[in-house]
Structure formats: structure tokens, C-alpha cells
Amino acid sequence: MRTVSLGNESLVVSAQGLGCMGMSEFYGPGDEAESIATIHRAIDLGVTLLDTADMYGMGENERLVGRALASRRDDVVLATKFGIVRDPRAAHDRSRRSVNGRPEYVKSAIDASLRRLGTDHVDLYYQHRPDPDTPIEETVGAMTELVAAGKVGHIGLSEVSAELLERAHRVHPVTAVQSEYSLWTRDVEDVLPVMRRLGIGLVAYSPLGRGFLTGALSSVAALADDDFRRANPRFSGDALPANMPIVDVVREIAAARQVTPAQVALAWVTSRGGDIVPIPGTKRRSRLEENVAALDVTLTDDELSRLAPLADHVHGTRY
């Protein structure tokens with residue numbers, strides 16, 4: 001698999017990464033044995049960027065990833081995140097979550113993540129969301145200390161504004177921004193010019209539109225009871241059928257190319273620039289292999305022109 005460098009800090013990663021969140025939570029029941037086999041298969045295929053966070057599965061996702069990497073830690077660029085704090089008494093209630101970017105919390109969070117991951121360092125450490133009550137300079141200052149201590153290789157931010165990104169970058173070089181980016185979510189394009197001026201890479205999460213762009217989801221009735229998409233505005237009520245014309249275009253292009261809709265959606269993200277690395281999430285080897293094969297798909301100008309307007313016709317907010 002080809003590799004790319006994230007940002008001016010030259011963190012070399014595979015052109016496509018693997019999001020591990022769904023292995024533990026949010027998208028129905030998991031299968032640890034298959035999830036670990038999927039991580040191992042990803043490494044065998046040349047996928048080096050693995051993404052997790054301390055809040056996924058209330059820490060269980062980091063533990064799972066740690067078990068998968070017990071003998072393969074040196075084969076990957078390991079990324080995790082801190083900052084979203086969940087109430088264990090109401091873990092699935094978004095209103096019971098808070099954001100913490102205070103320096104003392106940053107330092108305790110990395111130590112807890114390292115224990116769960118079974119490693120002495122992470123290669124990329126993100127602030128999961130900006131803390132409105134803590135200046136970004138203080139948070140990044142604490143992250144800088146983690147770099148100096150050898151616990152963190154590179155720092156990143158997630159879902160950050162251009163103004164906050166510039167302030168953070170003045171404290172310490174930011175290697176990557178992780179934000180949702182796909183054919184139906186293009187908000188981060190407002191921040192991309194600043195990222196490119198500063199030499200910061202984009203790690204695109206949910207590049208398959210939380211599974212919608214695969215064409216496999218026509219009704220929420222097929223989802224597990226605890227699948228968070230059941231309450232997501234783009235999948236709820238009248239929004240899902242109203243959004244189906246978007247995936248119809250993706251299906252048509254895929255059928256003409258004899259590839260899958262997922263591969264078209266991923267190829268579109270990859271087409272947006274060599275500084276963008278999608279991290280589609282999956283917990284199955286078959287889907288992983290399908291996703292990786294998208295790197296062999298190059299869309300034509302005509303196909304790109306058909307896909308470009310789709311984000312203007314989305315019904316429902318992201319959250």
C-alpha cells in the first residue's frame with residue numbers, strides 16, 4: 001500500500017487507515033475475535049494507521065486494540081484521543097457528556113490510555129473536541145509536555161475551527177486534524193485552506209457516511225436496538241428516505257465501474273488531496289478488504305462532477 005506524510009511533521013502512514021470504534025460500541029454488537037482478526041488483516045494489507053479513543057466503549061476499545069497489537073505494536077501508527085468525558089451511569093446519553101481539556105486531565109488521560117493499550121507511547125494523540133472552558137493554548141501546552149516525555153509522538157485536534165487550529169499550532173506544530181468528511185459531510189472544507197497553509201494533514205472519519213453511502217442501509221429497522229444511528233437525524237423519520245437519492249447516484253457510478261458504492265465513496269475522499277487519509281471503520285475482514293481495494297479506484301472528471309453536488313441535498317444534521 002502506498003503511504004503519505006501527514007503534515008509538515010512527516011508522520012508517514014498508509015493512504016487508508018482503520019477506524020476501530022465500531023468494534024466496541026455504537027454500531028451494534030461486536031465480535032472480539034473477528035475484530036482482532038480484522039486488525040491483523042489490516043496490518044497484513046499494509047494499513048498502518050489505527051484509530052481509537054478513550055471514550056469508545058468506555059475504554060474497552062483501547063483494551064481491544066491493545067490486545068490485538070500485543071505482538072505487532074511496531075507495525076502500526078497508533079492514534080488515540082482524550083477529552084470527551086462520559087457519565088458511566090448514562091453512557092449513551094449525549095447530554096451527559098462533557099469535554100475536558102484541562103492540563104491535569106490531559107496528563108492523567110494519556111497515562112490511562114497507555115495502560116489500556118499496553119504500550120509506552122502513542123504515535124498520534126488528539127484532543128477529541130475543543131474544551132470551551134479551557135484555552136486551547138493550555139491544552140496544547142500539556143500535550144507538548146507529553147511529547148517531551150516520550151509518551152506522545154505527534155499531536156492532533158479533532159473537529160476544530162480554523163481560528164482554534166491556528167492558535168494551537170503556534171504553541172506546538174499540529175500534525176493532523178481528524179474531522180468527519182465524506183460525500184455528504186463537507187464542513188471541514190472551511191478549515192482545509194488553513195490546514196494546508198500550515199502543513200497539517202486531514203484524517204477523515206466516517207468517510208462512508210456512517211454506512212449510508214455503502215448503499216446497504218434502506219431502513220433503520222435493520223439496525224440493532226443499541227445502534228446509535230436509530231436516533232441520528234440523518235437516519236431518523238423522513239430523513240433517511242429523503243436522503244436515498246444521494247446513494248442512488250453513488251450506486252449508479254459504482255455499477256458502471258463494476259465496483260461497490262463504498263469504493264466509490266472512499267475514492268471520492270481520496271481524490272480530494274494527497275494530504276487526506278480516510279479511516280473507514282469496520283469490524284469484519286470482508287469489509288476491510290473491500291475498503292482497501294478502493295485505493296485502486298480513480299474517479300473520472302465526469303464522475304467527480306456528478307458526486308460533487310450531493311452534499312447540498314442532505315436532509316438532517318450530523319448529530
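Trainee: In which sense do strand β1 and strand β2 pair?

Mentor: Welcome! This is a predicted model, where local features need pLDDT of at least 70, side-chain atom pairs count only at pLDDT 80 or more, and totals for chains, interfaces and linings use all residues. Residues are numbered from 1 along each chain as its sequence is written, and side-chain values use heavy atoms, leaving out hydrogens and water. Strands (E, at least two residues) and helices (H or I, at least four) are DSSP runs numbered from the N terminus, and two strands pair if DSSP finds at least two bridges between them. Here β1 (residues 3-6) and β2 (residues 11-14) share four bridges, and the sense is antiparallel.

Trainee: Which residue in the turn of the β1 and β2 hairpin has a positive phi?

Mentor: Four residues lie between the two strands of this hairpin. With a phi of about 70°, the residue is Gly 7.

Trainee: Which residue of β2 is the bridge partner of Val 4?

Mentor: Val 4 has its bridge partner in β2. That partner is Val 13.

Trainee: How many salt bridges does the structure hold?

Mentor: A salt bridge is a side-chain nitrogen of Lys or Arg within 4 Å of a carboxyl oxygen of Asp or Glu. By that rule, the total is 28.

Trainee: With which residue does Glu 25 form a salt bridge?

Mentor: The closest N and O atoms of this pair are 2.6 Å apart. Glu 25 lies in the loop between β3 (18-19) and α1 (32-44) and its partner in strand β6 (residues 84-86), so the bridge ties together parts 61 residues apart in sequence. The partner is Arg 86.
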